[in-house]
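Q: Could you take me through one part of this structure in close-up? I'd like to hear what it touches and how it packs.

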Amino acid sequence: MSASAGVFAVSCIREPSTRACTLQRESQLNQFLAGVERRALRIAEIAVRDRDEALDLVQDAMIKLVKNYAGRPDDEWTPLFYRILQNGIRDWHRRQKVRNRVMVWFGRGGSGDDEYDLVAHAPDPAGRTPDEELQTGEAMQRLETAIQALPARQREAFMLRTFEGLDVAGTAVAMGCSDGSVKTHYSRAIHTLRDKLGEHWL
Amino acid sequence: MNEPRENKAKELFDDSVDRLDAATLSRLNQARHAALEAAQGPRSMGVWGRWVPATGVAAAALVTVIVMRGPDAVEIPSASVTDFEILLEGESLEMLEDLEFYSWLEASDLETNGNVG
């Protein structure tokens, strides 16, 4: 940030309601979201195994961040954004569970053809053509499948720490838990992945 | 987090991010702009938006005074009071945009009633 921009940013903190400051904030938010959106989409996609659903979740998280936290210091945006996204993903899984229960209640669950089959949705999470899918590499597919099999909290900790690169404190904010819990979930995730993937995880 | 395996996992993930297709990137771009626009919605009214109801009520009251204490000091038919009650209701504030027309209509009614009577 240049010296003049820095002075401007300070004046915006003092008088945040001016039009110029609003535009500057929107520009910063746009820049932040543009920088985080693709990784967020992939993280959401691995969690829910559906690109369209993941896109909706990411857009909802964007809207909530802009509406509720635009005024917060921009170094807080990343953990806040991921906290909103993770909450959205958890809600999504809850809705899926309810939906599956309802389907079973109405006799469409069990071995029925209409059951929502997570495995059936898994093979092409990136939505690519078969040729592109081949190029993607088996390693990521194996890793993705193993991550999807992790318990939800371990999956969150692993993806936020490893894929997004959040530190323990940022991951704790994003997950809404203590630093100690993050370390536990992350450690368990790593051990499970090592056991599951073995020598393939290279 | 510096374990080679974790680093490899990060590489694989970054590679999958880089491979996102153009259609998906376009949808992300649209989603981002939609989010920024959605947040702008309530703010677009700005400070003036908060004064719209008060301005409407004040304008309606002003019209009432003008009509009741107008130059001819005409007697207001009872129906006109009902009209102003309607005007003063919150849902009818949009009618105030056409105040000039309603003033003219009111004057025409009075003139017509006066001619008939």
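A: Here's a close look at helix 2 of chain A and its surroundings. Keep in mind that this is a predicted model.

Let's begin with the contact between the chains. Chain A puts in 31 residues and chain B puts in 24 residues. On chain A's side, the elements giving two or more residues are helix 2 (19-48), helix 3 (51-69), helix 7 (138-148) and helix 8 (152-163). Helix 2 of chain A gives the most, with 10 residues.

Now for how helix 2 meets helix 8 within chain A. The two pack at an angle of about 155 degrees, and their axes are 11 Å apart. Since angles over 145 degrees count as roughly antiparallel, that makes helix 2 of chain A roughly antiparallel to helix 8 of chain A. The crossing of helix 2 past helix 8 in chain A is right-handed. Helix 2 of chain A brings R39(A), I43(A), I46(A) and A47(A) to this contact, while helix 8 of chain A brings R155(A), M159(A) and F163(A). Sorted by type, the residues of this helix 2 to helix 8 contact in chain A are five nonpolar, no polar and two charged.

Helix 8 of chain A also has another partner. The buried residues of helix 9 of chain A pack against helix 8, along with helix 4 (77-105) and helix 10 (179-197) of chain A. In helix 9 (residues 168-175) of chain A, those buried residues are G170(A), T171(A), A172(A), A174(A) and M175(A). After helix 9 of chain A comes G176(A), with a positive phi near 70 degrees.

How values were computed: Residues numbered from 1 in each chain as written. Chains lettered and ligands numbered in written order. Predicted model: local features only at pLDDT ≥ 70, side-chain atom pairs only at ≥ 80, totals over all residues. Contact = placed C-beta atoms within 7 Å. Helix = DSSP H or I, 4+ residues; strand = E, 2+ residues; numbered from the N terminus. Axes fitted to C-alpha atoms, helices over the stretch in contact; angles between N-to-C directions. Parallel < 35°, antiparallel > 145°, perpendicular 65-115°, else oblique. Left-handed = near helix turned anticlockwise from the far one by under 90°. Nonpolar A, V, L, I, M, F, W, Y, C, P; charged D, E, K, R; others polar. Buried ≥ 20, exposed ≤ 12 C-beta atoms within 10 Å, placed from the backbone.
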